[in-house]
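Dear colleague,

Please find below the structure that I am handing over to you. My notes on it follow directly after.

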Amino acid sequence: MNKISILIPVYNEQESIPILSQQLLDSFQNEFLYEVIFINDGSTDLSLNILKSVIEKNPSWKIVDLYRNYGKAIALQAGFEHSSGSLIATLDSDLQDDPSEISKLVDEINNGYDVVCGWKKNRKDPFEKKIASKIFNFFLRLFGGLRIHDSNTGIKVIKREVFSALKLYGGRHRYIPLLAKQKDFSVSEVIVNHHPRQFGKSKYGIGRYFEGFFDFLTILFLGKYIDRPLHFFGSIGFLSFSTGVLIEFFVLYLKFYQNHSFQQHVALLILGSILIIAGLQLFIFGLLGELFVEKSQKSNKYIKDIIS
């Protein structure tokens, strides 16, 4: 029987913790072997004290207490590093997801998938969060090729070897399915129940949308071009260089066929020169990147397993 490690980041959820802990106890009973790891992400309320009282009654559970509020990605990574299960489940501590739904996700994992997300099809969130989620997932499907409805759901089940390959930090927890797909792991989703927030308010402000956008660009770039930087810089450099050359030829055309003077088109001459120089520099950056990759690359990075 696979052991499941349930990782639960906690940040100022003192009202939710007692209810959540009872839900966890009621949800699994003897269904499978599991451990619960609460990650206290710098809570400033009574969350840590309440967590300590919870684990006194459940000695197999544990708390990973962080120095300060680092964010969900670091919290999940810290919890994973202190886990022992062959399957990793993630769950938010705000009571909006049912712990009992983890069983459904495990069943889907047993169908041969590496990552299974909970799809909050009937989402109980404010209108602006629903719209932001739809836009977020649309871009993931469009540019990331990720064919699921809810990538940033808090409830997931992930095989241990997948989680160990992700290395979460910053805002990368939002892109766990995309990161897994980039490494050729299989991703699926299962419809789960979702509830309105009972206590407090969301810990995320509007700033997270900007952070999420830049994280998305970084992940797309690293996933597609990290091993072939010349493809990225060379493409942009070629476009810049070609545009600059066309502009310069256009100015020459105006000079020799339309009897214009160069002084009439100084701005175009300067623009064309800048684009040509920028294009050459970008191409050189790409070549240097290729040399760096060639020097630092190790074949072990590509080896999934050795069978003998």
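What should the 29 residues of helix H9 span, and how far apart are its end C-alpha atoms? At 1.5 Å a residue, helix H9 (residues 229-257) should span 42 Å, and its end C-alpha atoms are 41 Å apart, which agrees. The expected span is 1.5 Å times one less than the number of residues; helices (H or I, at least four residues) and strands (E, at least two) are DSSP runs, numbered from the N terminus.

This is a predicted model, in which local features need pLDDT of at least 70 and side-chain atom pairs count only at pLDDT 80 or more, while totals for chains, interfaces and linings use all residues. Residues are numbered from 1 along each chain as its sequence is written, and side-chain values use heavy atoms, with hydrogens and water left out.

On confidence, the chain has an average pLDDT (the predictor's confidence in each residue, from 0 to 100) of 84, and 86% of the residues score at least 70. Over residues 299-308 pLDDT stays under 50, and the model has 3 contacts (heavy atoms within 4.5 Å) for them beyond four places in sequence.

To return to H9, its buried residues (under 20% relative accessible area; exposed is over 50%, partly exposed in between; 1.4 Å probe, protein chains only) include Gly234, Gly237, Ser240, Gly244, Ile247 and Val251. Tyr253 and Tyr257 both lie in this helix, 4 residues apart, about one turn. Tyr253 counts as partly exposed because its relative accessibility is 38%, whereas Tyr257, at 63%, counts as exposed. Just after H9, Asn259 takes a positive phi of about 60°. Lys255 lies over the face of Phe262, at 5.3 Å from the ring centre; the rule requires NZ of Lys or CZ of Arg within 6 Å of the ring centre and within 35 degrees of the ring normal.

Two further residues deserve mention. Leu105, found in helix H4 (residues 102-109), is buried, with a relative accessible area of 0%. Leu105 and Ile158 are 53 residues apart in sequence and 9.2 Å apart in space, C-alpha to C-alpha.

Arg123 is found in the loop between strand S5 (115-119) and helix H5 (127-144). Arg123 counts as buried at 15% relative accessibility, and its contacts beyond four places in sequence are Lys129, Lys130, Ser133, Asp150 and His194.

With kind regards
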